[in-house]
Amino acid sequence: MPKERIGIMGGSFNPIHARHIEMAVCAKREFDLERIIFLPTGNPPHKRAGLEDAEDRYEMTRLAVYGMPGFTASRMEIDREGIIYTVDTLGRMQKQMPDTAIDYIIGEDTLVDLPNWRKADKVFTMCRFLVCCRSSDEIRNHPSVAQLEARGATFAFLTLPPSKISSTAIRAKLEKGEEVPELPPQVEEYIRLMGLYGCKAVPGAAKFYARLRQTLSDKRLVHSLLVAHTARKLARIHGVNENRAALAGLLHDCAKCLPLADMQRIARDSRLLLDKETLQSGNLLHGPAGAVVAEKEYGVTDPIILSSIRCHTTGKVGMLPLDMIVFLSDKIEPSRRSYPALEEVRRLAQEDLGAAMLHSLQSTLEYVRSQNTEPHPLTQQVADWLQRIV
Ligand SMILES: [Fe+2]
Ligand SMILES: [Fe+2]
């Protein structure tokens, strides 16, 4: 009796999108799977036009499933060279996890292609197929199903309703410069920063991202992409340079994962004029320390980006539009857990940055006072300044 059932989601994930995630969630729920492993394909020996590099497809997959319980992305196929057949991948998995039963999650296009798989009859003994229908649920009655069952294949069907979402349509939207709500926002931002699928890369972003990936936790990395994504949208609305906003969002927490003592050393070495409270709190200090890190270690020279990183923890009197955009994006990015003022700040941010800032700071002041603690003096000063100008 197998100890656990796992689901395998194979595919090129070029790029991964909402339908892939829905399929996996549905399979996990309906077939009581303990884990889902997403398995992006490696680079084929001859690169197909429009197929992005395996490392990028893996990274997008990893970002998309981050934080989803039981979901992981595997490098098993991208780390191998040459043509990789499912029969070999399943054989490796069986060796690594001998007590595991494998469900292979496929779409109907893959189902009709199964007879062409290498050593298909052997594959049929190694896994069950969970089939998700694309356009209608007629696939159950497709002649292929009976033929393949006669050869030993086992099928079960997901109840997920058909959908028109496809990677092809998503790539076309990206190339036309349209927004793509079918993509997880962190994946969409990764695509835009790196310049995949015909988007224009943001200069410097690939280098910055590689470094952030080494120094930030995955949670912080995904948050940074979501802040970049939100900052880009607000920049578009308020007539601020989008690339600048996205870079500032990406880098805003570059010092957040440093130990407090390191942040304090940076502040001392750079002779930052900071109050005692800021110097003793990593939550406040990673703003000013982050601006130093962005300049000295990442090589950022744009003073407007550096300013927005510097003041994103406390705000400042005389904030520029980009300062407000980064400050607000940090508070309202899509993965933020709900707090009382969240929806109102989100709404105001689309209309008036100053009013959104004021609402956000006032709700912070109220919260801090309700906890019988004193807010940072700057919070009140910035709120007073905003009250005069909004
Ligand atoms: Fe921060
Ligand atoms: Fe942040």
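Predicted model: local features only at pLDDT ≥ 70, side-chain atom pairs only at ≥ 80, totals over all residues.
The protein chain contains 19 helices and 6 strands. Its C-alpha trace extends over about 75 × 45 × 40 Å along the principal axes. Of the 390 residues in the protein chain, 40% are buried. When contacts between residues at least 6 apart in sequence are considered, 68% of them join residues at least 24 apart.

The 6 strands form an open sheet with parallel pairing, in the order S3-S2-S1-S4-S5-S6. Strand S3 (71-73) and strand S6 (155-157) are the edge strands, each pairing on one side only. From one strand to the next, the twist averages 30°. Within the sheet, strand S4 (residues 100-107) is joined to strand S5 (residues 128-132) by 5 bridges in the parallel sense. One residue pair is given by Asp-103, whose bridge partner in S5 is Arg-128.

The largest nonpolar core comprises 103 residues, and those with the most contacts inside it are Ile-105, Ala-231, Leu-250, Ile-325 and Leu-328. Helix H10 (residues 218-238) supplies the largest share of this core, with 9 residues. Because both domain 1 (4-167) and domain 2 (202-389) give residues to the core, it lies between them. In soluble globular proteins, nonpolar side chains tend to be buried together.

With residues up to four places away in sequence left out, Ile-105 touches Gly-7, Ile-8, Met-9, Met-23, Ala-24, Ala-27, Leu-130 and Cys-132.

Terms used: Residues numbered from 1 in each chain as written. Chains lettered and ligands numbered in written order. Helix = DSSP H or I, 4+ residues; strand = E, 2+ residues; numbered from the N terminus. Buried ≥ 20, exposed ≤ 12 C-beta atoms within 10 Å, placed from the backbone. Contact = placed C-beta atoms within 7 Å. Core = buried A, V, L, I, M, F, W, Y, C linked by C-beta atoms within 7 Å. Domains from an automatic or database assignment. Pairing = 2+ DSSP bridges. Axes fitted to C-alpha atoms, helices over the stretch in contact; angles between N-to-C directions.
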